[in-house]
Amino acid sequence: MPDFPTGFRWGVSTSAYQIEGATTVDGRGPSIWDTFAREPGRIVDGSTGDEACDHYHRHAEDTALLAGLGVSAYRFSIAWPRVQPTGAGPAHTAGLDFYDRLVDGLLAAGVDPVATLFHWDLPQALEEAGGWLNRDTAARFAEYADLTAARLGDRVKLWITLNEPFIHMSLGHGIGTHAPGRMLLFDAFPVAHHQLLGHGLAVDALRARTASPVAIANNYSPVRQVGDTDADRAAAQAYDALHNRLFTDPLLGRGYPDAPGLDPAVIHDGDLDVLAAPIDVLGVNYYNPTGIRAPEEGSPLPFEMVPLDGYPRTAFDWPVAPDGLRELLLQLHDRYGDALPPVQVTESGCAYDDVPDAQGRVDDPERIAYLDGHLRAVHEAITAGVPVTGYFVWSLLDNWEWAEGFTKRFGLVHVDYPTQRRTPKSSYAWFRDLARR
Ligand code: BGC
């Protein structure tokens, strides 16, 4: 592996609902994921995040794993329903106390705390008032950001407002495979705009409380056009606008692109200025490219997704395509030029069916190959002039993978859920050697 620039941030990521468990402890309110996971048929193995990795009670052990890994940063998310159990009103001290302990433990271990404010676990009470379809949720989000930064703003080293607003809009509100399970297709656009509005208002709230840098973490997927007709080209452009530009063009001051479903009536005067509040870092989450061709006649979508041949595949059946990460970073650089702030890859990783051997060891050479390829792609992008300043592996621990429940393992550390025993995999040692170097 070639050398990375001095000061490059080596990290790992997690999110609250996927690891914390303790969903009714210390006054946490219910979130949309507690509700959704209980609905029959939503989660493949019928599980919930009630216990997950029990990180709420085992955070000290997990912080020791981070220290042993030698990473300089840990990206976690804060559960809004711990800070405001009903999504409104004053800060719930017992909920913030947990993050206070976590942050102090990280700092004592020499690991920079990187906090995401919203990784999809909206307080259920806000959903009942319309959730992100309701413009008021943006104002509620800024209030929650203010309360959280008032307590942690002196110690968190990087704030991330939202995680993957595109995925929350499309899976949560477009096709309903994630919470809150709405199936609005392109009528989900208000969810995009209100999240971005909440982001912009939260940036201002954070600036008032902290001097630490502020970011957003977007999901990107470079489009591979399948077929060569004008209709295929139009389909690829439509998908690219939706997935890769809808949330980035307005953030970087360009206004919305021409994307399917865009409804100008949702955008009020002055909103675009709020959305474009300057950010210090753009978080990039990347897993795989997407194959797109023209849809069949009568399809409700202006594109059709097609599997990409010729790549190895993860347990999720996602193609392993490190070249897609390089392509994406170069594309961001070309598209936005000087308007592009420094980029950190805030998620990159893969699921495999990792099983301990007879000696209890977990060997995961595919994950090592995956990370090796993706880090080389990042290095190539840096060499080509893209300002990439960090890379976070998804994820520290095997965890509760949303609609896939406990069936997909993304961790550098294996978790045996019945006993909660943590076993570092061989990828943990590999990444440690790299991060320490
Ligand atoms: C999400 C994570 C998720 C990962 C793997 C990302 O879209 O931010 O929460 O576990 O992908 O599916």
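A residue counts as near a molecule when one of its heavy atoms lies within 4 Å of it. Keep that cut-off in mind for the first stop, and remember that you're looking at a predicted model.

**Stop one: the ligand**

Select the ligand and bring up what surrounds it: Gln18, His119, Trp120, Asn163, Glu164, Tyr287, Trp318, Glu347, Trp394, Glu401, Trp402 and Phe410. Color that shell by class and you'll get six nonpolar, three polar and three charged residues.

Now pick out some of the side chains one by one. Start with His119, where a polar side-chain atom sits 2.9 Å from an oxygen atom of the ligand. Move on to Glu164: here a polar side-chain atom is 2.4 Å from a ligand oxygen. Then click Glu347, which has a side-chain N or O atom 2.9 Å from an oxygen atom of the ligand.

**Stop two: a helix crossing**

Next, select residues 230–245, which make up helix H10, and residues 322–336, which make up helix H12. How do their axes cross? They come within 13 Å and cross at roughly 90 degrees, so H10 and H12 are roughly perpendicular to each other.

To see who does the touching, show side chains for Asp240, Asn244 and Arg245 on H10, then Gln331, Arg335 and Tyr336 on H12. Color by class again, and this contact of H10 with H12 shows one nonpolar, two polar and three charged residues.

Definitions and conventions:
Residues numbered from 1 in each chain as written. Predicted model: local features only at pLDDT ≥ 70, side-chain atom pairs only at ≥ 80, totals over all residues. Heavy atoms only, no water. Polar contact = N/O pair within 3.5 Å; in protein donor to acceptor, adjacent residues only side chain to side chain. Nonpolar A, V, L, I, M, F, W, Y, C, P; charged D, E, K, R; others polar. Axes fitted to C-alpha atoms, helices over the stretch in contact; angles between N-to-C directions. Helix = DSSP H or I, 4+ residues; strand = E, 2+ residues; numbered from the N terminus. Parallel < 35°, antiparallel > 145°, perpendicular 65-115°, else oblique. Contact = heavy atoms within 4.5 Å.
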